[in-house]
Amino acid sequence: MSPLPLKPHYSAVVIGGGQAGLSASHYLGKHGIDHVVFEKKTVAHKWKNERWDAFCLVTPNWQCQLPDHPYDGDDPHGFMIKDEIIAYVDRFVRKVNPPVLEGTSVTSLEKTGDLFTIETSAGTVTADSVVIATSLYSEPAIPRAAERLPGDILQLHTADYRNPGQLPEGAVVVVGSGQSGCQIAEDLHLAGRKVHMVTGNAPRCARFYRGRDVVDWLADVGQYDITIAHDGMTKKKHDTNHYLTGRDGGRDIDLRKFALEGMVLYGRMKTVTDGRMLFEPNLKANLDGADRVYNGINALIDRYITEKSIDAPAGSAYVPLWEPEAEPADLDLKAEGVTSVIWATGFSPDWSFVSLPIFDGTGYPVQRRGVTGINGVYVLGLPWLWTWGSGRFLAVGKDAEHVVGHLAERLDSERPQLKQAANN
């Protein structure tokens, strides 16, 4: 992508060149709004450089609905693998042809009069409006307890894990049972590695139920149309994603089944001391909680099938295949031959450059479908920005269309004032 000359002023600045920032650029272009996209690494960096080799989509291909760029392959109910996902995104980038400056970090965003001043590693610009599309996944989050691990143990975050052959021989601890942690644990397990799995409170979901993919059922039920405007839905922005996989055509991930096959399970990690990992006594609670969500989703589908008189195979409830005999209190890393630890502990957002009062007491942007309380400042790409699909291929485009529509109306209504401010 050829470097662009930096102008002193833009009608809009987009910060972040992932799927959210690209979607914003798409609609800004359709509105004829001059803008620039600042991306500190490269466009779609995370898809290309922070996914393991066996990575694939968890939701079916038909949910790939980037703006004016729906999935057009021959397997809408399949799950694209890593290279196919990258190719899909690359085609979108070529279609959008965004005015992007790669390798350009934004170091400061503040309001100056009626305009916004954006300091970057390439220089300083002003803008009438700003779209912050940096997501919640800026920096790997690793607990401080990692510093207490023995120095001869290899430590990787999920962003750096690629395949089992990357690790030294020996047992592997995977810390975190969200989507990435469970899929990487399965990747290692299938390769014959001894895996110690440290669980959390992540829920799980069936892949297929009553003759269809559960995602298809949930789409029909209307789960993807529910917005955070509904009572009690605002808390969803912090929920952990359900674990399951699209690997090999898609299947459940059942940690109890893995335990029967030799994987060792633990409750949440408390700390590391004297070459041992210490755990909370909540393994059973974590497994039971995940199964409760699993059965709850299936029960929702059962009710829908009954209400609509749909002819479908009979339903059933999941019955645990295995129960822990005890709650393991610790793991002696050397005695168990552990040579690697994979931190599947998520990511942290980086909004340190934003010097604007748009955050709540937890440091999360206060907004309604991307529109903040500061006139001209927008956010995109966050989980549950508006719906379950926000931030993902399914609905990030819809959110971007809404945000840019609001931005365009503001520019039209305030154009004389903003033009005068830019010329001062």
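**Briefing: fold, surface and cores**

The chain holds 8 helices and 23 strands, counted as DSSP runs (H or I of at least four residues for helices, E of at least two for strands) and numbered from the N terminus. This is a predicted model: local features need pLDDT of at least 70, side-chain atom pairs count only at pLDDT 80 or more, and totals for chains, interfaces and linings use all residues. Residues are numbered from 1 along each chain as its sequence is written, and side-chain values use heavy atoms, without hydrogens and water.

**Overall shape**
- Along the principal axes, the C-alpha atoms fill a box of roughly 70 × 60 × 40 Å.

**Burial and contacts**
- Of the 424 residues, 53% are buried (under 20% relative accessible area, 1.4 Å probe, protein chains only).
- Contacts (heavy atoms within 4.5 Å) between residues at least 6 apart in sequence join residues at least 24 apart in 71% of cases.

**Nonpolar cores**
- A core is a set of buried Ala, Val, Leu, Ile, Met, Phe, Trp, Tyr and Cys residues joined through side-chain atoms within 4.5 Å.
- The largest has 92 residues; V13, L109, I118, I132, V174, L380 and F393 have the most contacts inside it.
- Helix 8 (residues 396–423) gives this core its largest share, 8 residues.
- Another core lies apart, with 21 residues, among them V214, Y224, Y294 and I301.

Definitions and conventions:
Buried means under 20% relative accessible area, exposed over 50%, partly exposed in between (1.4 Å probe, protein chains only).
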